[in-house]
Amino acid sequence: MKKVMVKLLSAAALAGMMVSPVQADEAAMAAAGADVFKRCEACHSVDSSKNAFGPSLIGVVGRQAASLPRFSYSEALQKSGITWTEDNLRQWVADNTKLVPGTRMRHVAITDTAEQDYLIAFLKTL
Ligand code: HEC
């Protein structure tokens with residue numbers, strides 16, 4: 001019994017050394033974001049940089065909107081002049097048709113700010 005406790009404690013100490021609380025938070029947020037992303041993955045693949053019904057979202061954070069060469073974007077998104085900053089991504093998932101009227105992406109409404117945080121943490125890992 002005592003041995004088990006010692007083992008558990010040293011495992012915890014080791015884990016504490018390797019993962020700082022901040023990193024652990026980000027990992028937990030990204031994991032929660034993967035769950036929110038289930039509402040996106042019917043159209044956006046994350047397995048590869050291939051486009052599906054929607055453009056690939058690999059490396060999307062910080063990317064210029066409508067900038068993938070092999071995806072046929074709506075004229076509205078091409079002319080938007082948007083860069084996918086965290087703030088713009090928030091507005092996009094809260095109400096994409098308001099941010100870019102005329103976009104081809106079906107309307108989504110993720111208005112919960114915690115869910116937006118999780119989703120963006122997840123997108124950053126792609
Ligand atoms: C019904 C299919 C569909 C769903 C569901 C969907 N999208 Fe999209 N998405 C698209 C299409 C189509 C486009 C291209 C829009 C255009 O050209 O106007 C797009 C574009 C985007 C872009 C712009 C990418 C770029 O290269 O500029 C982002 C970011 C994005 N979607 C994120 C999301 C997120 C996050 C979700 C889930 C909350 C989501 N999408 C759900 C189809 C979808």
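Visitor: Which residues does N96 touch, not counting residues up to four places away in sequence?

Guide: In this predicted model, the partners of N96 are Q91, T103, M105, R106, H107 and V108, once residues up to four places away in sequence are set aside.

Visitor: Where is N96 placed, and is N96 buried or exposed?

Guide: The residue belongs to helix α4, which covers residues 86-99. To read burial, one compares the relative accessible area with a cut-off, and a value under 20% is called buried. N96 has a relative accessible area of 0%, so N96 is buried.

Visitor: How many salt bridges does the count give?

Guide: The general idea is a distance test between a side-chain nitrogen of Lys or Arg and a carboxyl oxygen of Asp or Glu, with a limit of 4 Å. By this rule the count is 5 salt bridges. Among them is the pair D35 and K38, whose side chains meet with an N to O distance of 2.7 Å.

Visitor: Are D35 and K38 exposed or partly exposed?

Guide: The two fall on opposite sides of the cut-off of 50%, over which a residue is called exposed. D35, with a relative accessible area of 48%, is partly exposed. K38, with 52%, is exposed.

Visitor: Which residue forms a salt bridge with E75, and are the two buried or exposed?

Guide: The partner of E75 is K79, and their closest N and O atoms are 2.7 Å apart. Both E75 and K79 are exposed.

Visitor: Which residue meets R39 in a salt bridge?

Guide: The side chain of R39 meets that of E115, at 3.1 Å from N to O. R39 lies in the loop between α2 (21-36) and α3 (75-78), whereas E115 lies in helix α5 (residues 113-124), so this pair ties together parts that are 76 residues apart in sequence.

Visitor: What is the relative accessibility of R39, and what is the relative accessible area of E115?

Guide: R39 has 47% relative accessibility and counts as partly exposed. E115 is also partly exposed, with a relative accessible area of 25%.

Visitor: How many disulfides does the structure hold?

Guide: The reading rests on the sulfur atoms of two cysteines, which must lie within 2.5 Å to be called a disulfide. The structure holds 0 disulfides.

Visitor: Are C40 and C43 buried or partly exposed?

Guide: C40 is buried, its relative accessible area being 17%. C43 is partly exposed, at 27%. The cut-off of 20%, under which a residue is called buried, is therefore what separates the two labels.

Conventions
Residues numbered from 1 in each chain as written. Predicted model: local features only at pLDDT ≥ 70, side-chain atom pairs only at ≥ 80, totals over all residues. Heavy atoms only, no water. Buried < 20%, exposed > 50% of the residue type's maximum accessible area, 1.4 Å probe, protein only. Helix = DSSP H or I, 4+ residues; strand = E, 2+ residues; numbered from the N terminus. Contact = heavy atoms within 4.5 Å.
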